Amino acid sequence: MTNAILELKEFTVRDAIFAIGTNATDCHPLIGVYMLEAHARGTKLIVADPRRTELAKHADIWLRHRPGTDVALLNGMMHVILTESLMDRDFIAARTENFDALRETVLAYPPERASAITHVPADKIAAAARMFARAENAATYYTMGITQHVTGVDNVLSVSNLALLTGNLGKPKAGVNPLRGQNNVQGACDMGALPNVFPAYQPVTDDKIREKFEKAWGVPLSGKPGLTIPDVLHGLEHGSVKALFIFGENPMRSDPDINHVKHCMENVDFSPLKEARFIVVQDLFLTETAEIADVVLPGASFAEKDGTFSNTERRVQRVRQAVAPVGKPDWLILTELMRAMGTKADYAGPEAVFDEMRTLAPSYAGISYARLEQGGIPWPCPNESHPGTPILHVGKCNRGPGLFCAVDFKPPAENPDESYPLILTTGRVAAHYHTGTMTRRCWGLDAAHPEESLEIHPEDAARLGIAHDDPIRVTTRRGTLTTKANVTTRVPVGTTFISFHFSETPGNILTNSAADPISKTPEYKVCAVRVERARA
Amino acid sequence: MESVVTTCPYCGCGCSFTLNVEGGEIVSAVPQVDNVVNLGRLCLKGRFGFDFVHHKDRLRTPLVRRNGTLEEATWDEAYGVIAERFADIRKKHGPDAIAAFSSARCTNEENYLLQKLMRAVVGTNNIDHCARL
Ligand code: SF4
Ligand code: SF4
């Protein structure tokens, strides 16, 4: 997030919230509640979502676009803003670059054309554009509804174009605010759990940076960017990757196209030339992924260890041990393993690890466990007297002037056809989390949402002879599962929805692993599907 | 009863709450009021999402696959198998034949250690996590 969560408490009747592709009340309930409270105080709420989410129900304007058409929708809004001269000319002149290219592209998307692509009425697109542009401050929030597409990067660029066009960057109650789906995605990125960067986004290809880390860690380091998750799975399949350490993840349920993931990871060798793959899993439970591992290490839960998480607004906060670990805290396991592999790794505890990290990560340099006793601190925090940075890009964008990146609409990788006539989109529900390994084992949460079903529109259901609660078979080119029909107008005609929390009905057996060429994020949000009544 | 202030393990909002502990078990979670995130609020996951910590299915000892089945092993045995196989693969195929998926659910410290293990000990940048997923 460029801005802070608590800002939502300060939104007034003159401000606007634009929630696109984010089911915040289910997935980020705290932020969802703050949005609804702001709306109750008179803040304008614009929601773009194919599904009738809680936010959509409350919205002043709800744009029900077809899954995968975000670029066309946003270009259509920007067309209205340009042709009605609602843009922020001063901001564009002083703080941006490449405006002419944007104008040229966007002018090809009059609301009528955007409407033909998105199925949102043209006057609604225009009304949303006006509401957004006329607000004193307008903040955009998005999640996986924007990123989990083959055009995920294009979608993010379009969101950012809209913010730049209206001068909604680098000030309070504005900005481009991706909401992070998991508690510490932000932190895992910050810590360099990425194939191309060391902690704090320092490129592995930069010789000076690498020298710094070589000196600190006392070993020569590779300057060759590593493999992303899809690349690793591909490498396992083709034999270039021989060993995989999986720390607290369940790719056999969370990754797209599970049948393919399984094929890549299973220790079955059909070719006599290939040796068996070696897989290590560290997790709380014997997950579907741990079951196929060669070594399983019992991990510790958040309540059994000390450390820090960094939330979606970049705020670093303490995690504190409340109960004794069932096994060992994970930081200890990792240091013991490093020693078993012949390296010196003597840390007195998580604080010592944090202190080493902050000498190498400039944006964390000023944060210490002692300071965190007073409450969380948002990075960048370059030194110990720095208060932290709740709003990014104040005065100028971090990369200098804000760059407009004109993008054209491209359709999703897989579209409905005769054999697979409906769209399937995926997501989460409030009571559960990710692959359900934790929440499915909490009786209060499992009771609140004990089983999966497929949301399908009454018109589609009637055509297929399916009644509410009927057993149904759901099939894509990659897999099939049986579940129950949830006949509801929450989804539009032609679109169905399933979550990925349930092992019995793993939604990701269906999803498409086609991914954005740059971010490598797979297209969980759109694939083509066939639904039939299952014989009982 | 002991009380410990900590941070929610579920979504990226980062609500903080007090875990109340009795006889070594968590009995309740109560939202923090005096912070700058959740101001006394928690959603159902934060409030009721801690049973899994004491669930009977929790893994307690390392497991190592022997003759096709996962069997209980000591920590040292498990570390030994990993160190040996990693060293072997590294020798035969180079460090880039080894990869790790880190965790968006684990702490900063643990993520830092795993990327250091891969980069400084194994010698590869093959480390990623599910930010994309
Ligand atoms: S169930 Fe109702 S009373 Fe209980 S914590 Fe939730 S909202 Fe409050
Ligand atoms: S309590 Fe709910 S809203 Fe708050 S961090 Fe946890 S999951 Fe997110």
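**Figure 1. Ala24(A) in helix α1 of chain A.** In this predicted model, Ala24(A) belongs to helix α1, which covers residues 24-27 of chain A. Its relative accessibility is 0%, so Ala24(A) counts as buried, the limit being under 20%. Setting aside neighbours within four places in sequence, Ala24(A) is in contact with Pro29(A), Gly32(A), Met35(A), Leu55(A) and Leu179(A). The view also includes Glu54(A): 30 residues separate Ala24(A) from Glu54(A) in sequence, and their C-alpha atoms are 8.5 Å apart in space.

**Figure 2. The surroundings of ligand 2.** From chain A, Pro29(A) and Leu30(A) are among the residues around ligand 2. From chain B, the surrounding residues include Cys8(B), Tyr10(B), Cys11(B), Cys13(B), Gly14(B) and Cys15(B). Leu42(B), Cys43(B), Lys45(B) and Gly46(B) also belong to this shell. Because residues from chains A and B surround ligand 2, the site is shared between chains. Two elements give two or more residues to the shell, namely α2 (29-40) of chain A and α1 (44-48) of chain B.

**Figure 3. Helix α16 of chain A and its packing partners.** Helix α16 of chain A runs over residues 330-340 and is mostly covered, with eight of its eleven residues buried. The buried residues are Asp330(A), Trp331(A), Ile333(A), Leu334(A), Thr335(A), Glu336(A), Leu337(A) and Met338(A). Within chain A, these buried residues pack against β9 (243-247), β10 (278-283), β11 (295-298) and α17 (350-360). They also pack against α2 (75-93) and α3 (108-122) of chain B. Just after α16(A), Gly342(A) takes a positive phi of about 90°.

Figure 4. Ser363(A) is placed in the loop between α17 and α18 (369-372) of chain A. With a relative accessibility of 13%, Ser363(A) counts as buried. Apart from residues up to four places away in sequence, Ser363(A) touches Ala200(A), Trp379(A), Pro380(A) and Cys381(A). Two of these partners, Trp379(A) and Pro380(A), are joined by a cis peptide bond, with omega at about 0°. Pro380(A) itself is located in the loop between β14 (377-378) and β15 of chain A.

**Figure 5. Two residues of chain A with positive phi that are not glycines.** His119(A) has a positive phi of about 70° although it is not a glycine. The loop that holds His119(A) lies between α7 (111-118) and α8 (122-134) of chain A. The relative accessible area of His119(A) is 53%, so this residue is exposed, the limit being over 50%. Arg314(A), likewise not a glycine, has a positive phi of about 70°. Arg314(A) is found in the loop between β12 (307-310) and β13 (315-319) of chain A. At 2% relative accessibility, Arg314(A) counts as buried.

**Figure 6. Lys410(A) in a loop of chain A.** Lys410(A) lies in the loop between β15 (402-403) and β16 (422-427) of chain A. Its relative accessible area is 45%, and Lys410(A) is therefore partly exposed. Thr488(A) is 78 residues from Lys410(A) along the chain, and 29 Å separates the C-alpha atoms of the two residues.

**Figure 7. The fold and surface of chain B.** Chain B contains three helices and seven strands. From the N terminus on, these elements follow the order β-β-β-α-β-β-α-β-α-β. The radius of gyration of chain B is 20 Å, well over the 14 Å that the globule rule gives for 133 residues, so chain B is more spread out than a compact globule. Along its principal axes, the C-alpha trace of chain B spans about 55 × 30 × 25 Å. Of the 133 residues in chain B, 62% are buried. Among the contacts of chain B with a separation of 6 or more, 29% come from residues 24 or more positions apart. Chain B carries 16 positive and 16 negative charges, whose mean positions are 8 Å apart.

Notes. Residues numbered from 1 in each chain as written. Chains lettered and ligands numbered in written order. Predicted model: local features only at pLDDT ≥ 70, side-chain atom pairs only at ≥ 80, totals over all residues. Heavy atoms only, no water. Helix = DSSP H or I, 4+ residues; strand = E, 2+ residues; numbered from the N terminus. Rg over C-alpha atoms; globule rule 2.2 N^0.38 Å. Buried < 20%, exposed > 50% of the residue type's maximum accessible area, 1.4 Å probe, protein only. Contact = heavy atoms within 4.5 Å. Lys, Arg positive; Asp, Glu negative; His and termini not counted. Charge placed at Lys NZ, Arg CZ, Asp CG, Glu CD. Near = heavy atom within 4 Å.
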